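Me: I would like to learn how to read helix packing, cores, sheets and chain contacts in a model. Could you take me through them one at a time?

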Amino acid sequence: MDELLEILTDLHPDVDFETCDTLIDDKILDSFDIVSIIAEINDVFDVVIPAEEIIPENFNSAEALYDLIERLGDE
Amino acid sequence: MLFTSYEFIAFLVLVLVGYYIVPKKFQWPLLLVFSYVFYFLADPMYLLFILVTTISAYLVSIKMENINAEMSAYIAEHKAELSKDEKKAYKAKMKAGKWRWLLLCLFLNIGILSVTKYTNFVITNINNLFAGGGPLQLVDMIVPMGISFYTFQTMGYVIDVYRGKQEAQKNPFKLALFVSFFPQLVQGPISRYGDLAPTLFAEHKFDGKTVSFGLGRILWGYFKKLVIADRMLPAVTELVQNPDEYSGAFVFVAMLFYAFELYCDFTGGIDITIGIAETMGIRLAENFNLPYFSKNIKEYWNRWHITMGTWFTDYIFYPISVCGPMLKLSKWSRAHLGEVIGKRVPVYLSSFAVWLTTGIWHGAAWNFIVWGLMNFVVIMISQELEPLYARFHERFKVRGKMPYEVFQIIRTVLLMSAIRMFDCYRDVPLTFKMVGSMFTQWDFSAFTSGALMDIGLSGADYLVLLAGLIIVLGTSIYKARAGSLREALYQKPPFVYYGMMAALFLVIIVFGAYGVGYDSSQFIYNQF
Amino acid sequence: MKRKRFIAGLLVVALTIGCLWLLQRLLVPKYQTGIVEGSMIEEYYKDESDHEVLFIGDCEVYENFSTITLWENYGITSYIRGSAQQLVWNSYYLLEDALRYETPKVVVFNVLALKYDEPQSEAYNRMSIDGMRWSQSKVDNIRASMMEDENFIDYVFPLLRYHSRWSELTEDDFRHIFSKDLVTHNGYYMRVDVKPQGEFPDPTPLADYTLGEKAMSYMQKMVDLCKEKGIELVLIKAPTEFPHWYDEWDIQVAEFAKKNDVEYINYIPLQDEIGLDMSKDTYDAGLHLNTSGAEKMADYFGAWLTENYDLTDYRSNEKYAAIWQEKVDFYNAMKEQQYYELETYGELKSFGANAIQ
């Protein structure tokens with residue numbers, strides 16, 4: 001989880017990713033950010049997030065994103 | 001049948017009356033019948049194309065869902081015996097099967113779209129490679145009305161089923177209605193199956209408020225289309241089709257006129273579409289969110305033609321940017337080109353692909369391709385300048401201040417309007433030349449010489465346009481600040497509410513640019 | 001609450017319809033000054049007395065025959081149901097329409113329009129049709145006349161056609177929103193000014209001289225309708241020489257007349273006999289007669305009518321005499337005004353092209 005927060009904070013230092021759960025709904029992350037995040041996650045966690053998983057529910061908060069990574073890692 | 005024809009109005013009345021008098025369970029079948037009638041009246045041949053798309057989407061989506069079901073069942077049954085790797089391998093195998101079906105469907109439909117829309121474009125370009133005329137004859141190709149829209153909408157559905165996000169529709173007639181729903185057939189919005197289906201197939205009771213909102217929205221659409229856009233069109237045409245005569249400041253005028261005209265035409269058409277659906281209780285996705293109040297290009301593209309933008313993001317941008325090869329490229333470029341550039345490579349490549357296809361999708365001409373790529377370039381540049389902006393904002397504390405926001409909005413509108421001139425002029429070099437002439441041949445006398453009275457607009461027309469502009473701007477500002485204007489009006493006494501609608505109707509009837517233009521000069525005196 | 005909404009809605013709908021009606025009255029052209037030809041078709045209904053002779057056709061009837069002269073010299077009651085570029089089917093349906101109100105003894109049709117086999121212009125369609133009262137004849141007339149880009153509904157609701165006139169409204173439009181003045185004398189359009197006949201261009205040879213099928217079929221319908229109603233039909237070609245009336249056409253009409261046993265008279269060769277002097281009797285260089293010409297023409301034609309048909313001399317009938325005295329007064333007053341303007345300004349000011357606002 002800390003690694004993920006680091007990735008995110010790198011991108012937007014001004015956002016508190018631990019509490020924010022409207023990252024997509026409030027347009028804090030745009031499509032470019034999402035692509036960067038996915039690339040870094042691929043690097044760090046060795047998990048591929050496929051296009052169909054790019055939905056607001058999975059990206060609205062760091063926690064949801066972390067759950068997604070764990071789920072995909074399990075499969 | 002154009003939205004602005006009498007036939008369409010009559011058709012609409014028929015649909016609406018029919019929709020509320022048939023038993024509720026026949027509402028959606030009735031819409032299917034009317035949608036096919038609508039398409040048939042445009043050209044019976046079109047039905048063939050839409051049937052191919054519908055049937056292929058139907059069969060493939062069912063097939064893919066069966067594979068999904070088979071896969072789940074197999075895994076559930078053999079859960080205990082399968083190792084993790086075996087499970088993975090099995091899944092991959094099944095997925096490959098689905099993938100082949102998806103590809104087949106995409107190839108077929110995108111193929112039809114490409115062949116009908118782009119054959120002559122390709123032929124012309126091949127011919128241009130040969131000096132003194134090429135060897136190929138242009139073909140007489142039928143381009144089915146709205147094919148770009150319904151193909152994209154349907155492919156979105158098929159991809160959703162492939163991704164397991166969407167259950168396949170078992171009733172072919174329901175799917176047929178989703179593909180052909182007549183109000184959105186011509187110019188969108190591009191709906192998602194998951195959003196549209198629940199309201200499209202639901203039974204709708206007549207509800208006075210909903211119907212009046214729908215009618216009001218239709219009227220508002222006609223107001224923008226007939227009173228403003230269609231009145232301006234001749235002037236825009238005159239300006240851009242005579243580039244020798246109208247350069248410099250006139251290009252600027254054409255640019256502003258076209259920005260206003262296109263906005264009113266497109267959003268007006270969409271208002272009519274959404275309004276029609278609304279009168280039947282069906283909710284369509286919004287396609288615009290005050291785009292001309294955007295403070296930067298990226299925001300603009302989140303607010304203009306929204307359903308197209310999200311379609312491209314979900315079905316082209318993401319799949320390309322997170323596919324295996326792209327991730328590998330990303331890794332490689334970060335390792336070899338450094339963190340800064342390396343991170344950008346995948347995003348830029350995917351964006352490039354998106355804007356290239358967006359351009360091609362808009363029309364079979366280099367103008368549109370260049371237009372798409374210009375958007376790409378501008379977005380990338382502004383992306384790169386972002387840190388600079390951030391520092392500027394930090395230093396001068398202008399962010400969120402009204403005058404600065406107005407400046408940002410005007411800058412964005414002007415920039416988008418300038419790029420849009422590729423829509424207008426005959427070819428790409430001419431567009432560059434004309435847009436350039438704004439800077440090199442600017443002459444204020446364009447505004448004072450009276451030349452603007454000779455471009456097909458009379459003083460009275462300008463007056464109407466000015467009033468129209470103020471009304472559109474006023475309602476937009478209201479919407480941006482206070483929210484739904486119609487809800488507010490609905491809270492007023494009913495007489496006021498309906499009175500406003502009636503007034504709008506009368507304004508359209510009198511000030512709309514439609515019908516055989518009355519021109520007393522036609523009555524040449526004493527010719528028999 | 002629901003009921004209140006319903007009533008408010010109903011009220012607004014009623015008000016809207018009222019506004020539309022008013023707007024329509026305001027925005028349709030009034031044809032009161034300048035181009036008065038557009039008023040002709042409508043004016044027919046205002047004349048409540050009946051007529052023994054009814055003219056139908058284009059400008060070659062409404063500018064060439066003085067109905068007042070026919071009355072003054074022969075006691076003939078007549079009306080000219082003419083309109084600008086009235087095409088043969090227009091004439092037929094206008095005749096059909098007129099027969100709903102009266103049955104004249106003689107119907108006179110001018111054959112120049114036979115040269116057109118297709119609708120020519122939306123504007124002229126309008127002037128020949130808009131003034132008609134609604135009837136099957138009007139519906140059929142519209143159907144037969146519409147150009148490709150016209151819509152039937154534009155005739156039902158003329159507001160849809162004329163809505164953009166809001167920017168060119170004149171005083172006339174407001175003054176005559178509910179009532180219009182008479183502009184013709186039983187369909188006769190008066191012009192007293194003179195512009196001598198000049199040289200006409202040589203007629204261009206045509207590829208095909210056959211008169212159109214549609215035009216001829218409507219003339220046939222005219223014959224049949226008159227026969228059915230016991231009306232004598234007279235075909236004429238007015239004495240004016242331009243637009244050119246080809247001999248080949250003349251022969252076809254003559255043959256048609258013979259076959260159907262109706263009269264056909266071409267007045268072009270009879271100019272001298274009528275007493276026309278085309279240096280004095282035309283106001284537009286020979287295209288149409290002026291009032292002095294139209295009076296001569298009416299006098300000549302009236303004599304022929306009286307001789308050949310059993311027409312009543314109504315001058316001794318008190319009721320008719322009273323009605324017509326008013327018409328004569330109006331005629332003389334207008335004539336006087338036109339002569340006054342001619343004398344004062346050297347041209348007409350409040351009539352014709354000069355009066356277009």
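This is a predicted model: local features need pLDDT of at least 70, side-chain atom pairs count only at pLDDT 80 or more; totals for chains, interfaces and linings use all residues.

Me: At roughly what angle do the axes of helix α3 of chain B and helix α5 of chain B cross, and within what distance do they come?

Reply: For a helix pair, look at the distance between the axes and the angle between their N-to-C directions. Here the axes of α3 (residues 44–77) and α5 (residues 147–162) of chain B come within 9 Å and cross at roughly 5 degrees. Angles under 35 degrees count as roughly parallel, so α3(B) is roughly parallel to α5(B).

Me: Which residues make that contact?

Reply: On the α3(B) side they include F49(B), I50(B), A57(B), V60(B) and M64(B). From α5(B) come, among them, I147(B), Y150(B), Y157(B), V158(B) and V161(B). By class, the contact of α3(B) with α5(B) has eleven nonpolar residues, four polar and one charged.

Me: Now the cores. How many residues does the largest nonpolar core have, and which have the most contacts inside it?

Reply: A core is read as a set of buried nonpolar residues joined to one another. The largest one here has 133 residues, and V158(B), F178(B) and A254(B) have the most contacts inside it. Helix α9 (residues 249–279) of chain B is its main contributor, giving 16 residues. Leaving aside neighbours within four places in sequence, A254(B) touches V236(B), L239(B), V240(B), Y246(B) and C424(B). Another core, of 70 residues, lies apart from the largest one and includes V88(C), Y93(C), L112(C) and A294(C).

Me: On to strands. In which sense does β4 of chain C pair with β3 of chain C, and is β4(C) mostly covered or exposed?

Reply: Strand β3 (residues 106–110) of chain C pairs with β4(C) in the parallel sense over five bridges, with V107(C) bridged to L233(C). Strand β5 (residues 263–266) of chain C also pairs with β4(C) in the parallel sense, over four bridges, and there V234(C) stands opposite E263(C). As for burial, β4(C), residues 232–237, is mostly covered, with five of its six residues buried.

Me: Last, the chain contacts. How many residues of chain C are in contact with chain B?

Reply: The size of an interface is often given as the accessible area lost when the parts come together, but residue counts can be read too. Here 34 residues of chain C contact 23 residues of chain B. Helix α1(C) gives the largest share of the chain C side, ten residues. That side has 16 nonpolar, seven polar and eleven charged residues.

Terms used
Residues are numbered from 1 along each chain as its sequence is written. Chains are lettered from A and ligands numbered from 1 in the order in which they are written. A nonpolar core is a set of buried Ala, Val, Leu, Ile, Met, Phe, Trp, Tyr and Cys residues joined through C-beta atoms within 7 Å. A residue is buried if 20 or more other C-beta atoms lie within 10 Å of its own, exposed if 12 or fewer, and partly exposed in between; C-beta atoms are placed from the backbone. Helices (H or I, at least four residues) and strands (E, at least two) are DSSP runs, numbered from the N terminus. Two residues are in contact if their C-beta atoms, placed from the backbone, lie within 7 Å. Axes are lines fitted to C-alpha atoms, for helices over the stretch in contact, and angles run from 0 to 180 degrees between N-to-C directions. Angles under 35 degrees count as roughly parallel, over 145 as roughly antiparallel, 65 to 115 as roughly perpendicular and the rest as oblique. Ala, Val, Leu, Ile, Met, Phe, Trp, Tyr, Cys and Pro count as nonpolar, Asp, Glu, Lys and Arg as charged, and the others, Gly among them, as polar. Two strands pair if DSSP finds at least two bridges between them.
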